[in-house]
Amino acid sequence: MAMTMHVDIVSAESEIFSGTAEMVLAPAAQGEVGIMPRHTQMLTSLKPGEVRITREGGEQEYFYVSGGVMEVQPHVVTVLSDTVVRASDLNEAAALEAKKHAEQALKDRKGDMDYAKAEAELAQAVAQIRMIQKVRKNIGG
Amino acid sequence: MASGKEIRTQIKSIKNTQKITRAMEMVAASKMRKAQDRMSASRPYAEKMHNVIHHLAYAHPEYRHHYLLPRENPKRVGYIIISSDRGLCGGLNNNMFKDALTDMRRWREQDIEIDLCTIGQKASQFFKRFGNISAQATQLGDNPGVVDLIGTVKVMLDAYDKGEIDRLFLVYNRFVNTMTQQPLVEQLLPVEPDGKEKELSYHWDYIYEPDAKEVLDGLLIRYIESLVYQGVVENIACEMAARMVAMKSASDNAGDLIDGLELVYNKARQAAITQELSEIVAGAAAV
């Protein structure tokens, strides 16, 4: 039997996922990281993006995080997300709208919109859209 | 004795009040259930966060965040006080304010000044007289998000970063059960490691990405925010429970009052009938 570890994904407003997994892929601050059981202790901030969990038996689950912190202990991985929404719940239209909004604000740098904030919003929207498309492909294919 | 009509109007007005209190009781009961759900939904996050902070205390990091370091001789302390927006919830807010004031007195006695941050209308009204409210948030509604609190918490954290305050406390009501709400004063900063240090045979530290300072900054700010958020959510559950109980006793009292008044009314009515009868009989006898 493959080695497994315990994975928790929580956001301030609810618990999203709790269970065992063989591998976790997460969008860390300096690029995506893959965590397997017995990984050394690690603490990293997360970028907006998807967390991919490989359950026992190879089944995969996707979650969207809009940033947060991940703690890795040899047999426990904890994702403290700012807000996590199940990927299938995401509304693509809303995400596109947000992206357009953010891009507009980027172009219009003289506006009172904060540049850094706009960039963060854009990154979030892009990550959400990528996530939705991936989920859709999985369902369709 | 008041006349029949006067008593009737009085009974009617009390009945109207009773209807209102009864409706408020039911509204509070359903809101309380929702608030309790939210409370249990946000608990895992707070627990996980607590675990991580706890692990951090065991690690041997090369960088110690200043939230984790004790500060000697405080010159100024900060309080975050969470109250409800609305009244009619019994002694909930006042009991908590009393506890907060007792706690503040021990600083005042040492000539240490106090900065306040209030969440909720009642706290900002009450503590206006004590001065020095540096931040406040009101009208959060029944379902506040973490977003609503980030601003107010940041004001206090900034003050702590700059050394303007040396301690930060959180005052709120803890939800024990429907009948019991416990006012609490907790120390947020500096973070105190709870209990005994576990014996660790080897030294270890996390790998930090991108670097220790950045990660810990983000983590500790989230930690404080999650504690405050948990406090707010618990306080809402307390508010609803307290209001439900207060409104229930108000409805009961109104019922008692109505019973008493109805007795008086009936007596007056009977007396009037008896009087009339005796007048008629006396009149007939005279004829």
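These legends accompany close-up views of a predicted model.

**View 1. The open sheet of chain B.** Here 5 strands line up in the order β3-β2-β1-β4-β5, with mixed pairing. At the edges are β3 (133-137) and β5 (181-189) of chain B, each of which pairs on one side only. On average, neighbouring strands are turned by 20° against each other, direction ignored. Look along the sheet and you will also find helix α5 (residues 212-286) of chain B packed on it, touching β1 (76-82), β2, β4 (167-175) and β5 of chain B. The direction of this helix makes about 35° with that of β4(B).

**View 2. Where β2 meets β3 in chain B.** Strand β2 (residues 113-119) and β3(B) run parallel and are joined by 4 bridges. Within this pairing, B:Cys117 stands opposite B:Ala135.

**View 3. An aromatic cluster of B:Tyr79, B:Trp107 and B:Phe169.** The rings of B:Tyr79 and B:Phe169 are stacked, because their centres are 5.1 Å apart and their planes lie at 25°. B:Tyr79 belongs to strand β1 and B:Phe169 to strand β4 of chain B, so this pair ties together parts that are 90 residues apart in sequence. B:Trp107 joins B:Phe169 in a tilted pair, at 5.9 Å centre to centre and 45° between the planes. As B:Trp107 sits in helix α2 (residues 92-108) of chain B, its pairing with B:Phe169 in strand β4 links parts 62 residues apart in sequence. B:Tyr79 is buried at 0% relative accessibility, B:Phe169 is buried at 5%, and B:Trp107 is buried at 6%.

**View 4. Arginines over aromatic rings.** The charged end of B:Arg71 sits over the ring of B:Tyr160, 3.8 Å from its centre. In a second example, the charged end of B:Arg129 sits over the ring of B:Phe126, 5.1 Å from its centre.

Terms used. Residues numbered from 1 in each chain as written. Chains lettered and ligands numbered in written order. Predicted model: local features only at pLDDT ≥ 70, side-chain atom pairs only at ≥ 80, totals over all residues. Heavy atoms only, no water. Pairing = 2+ DSSP bridges. Helix = DSSP H or I, 4+ residues; strand = E, 2+ residues; numbered from the N terminus. Axes fitted to C-alpha atoms, helices over the stretch in contact; angles between N-to-C directions. Contact = heavy atoms within 4.5 Å. Phe/Tyr/Trp six-rings, centres within 6.5 Å; stacked < 30°, edge-to-face > 60°. Buried < 20%, exposed > 50% of the residue type's maximum accessible area, 1.4 Å probe, protein only. Lys NZ or Arg CZ within 6 Å of the ring centre and 35° of its normal.
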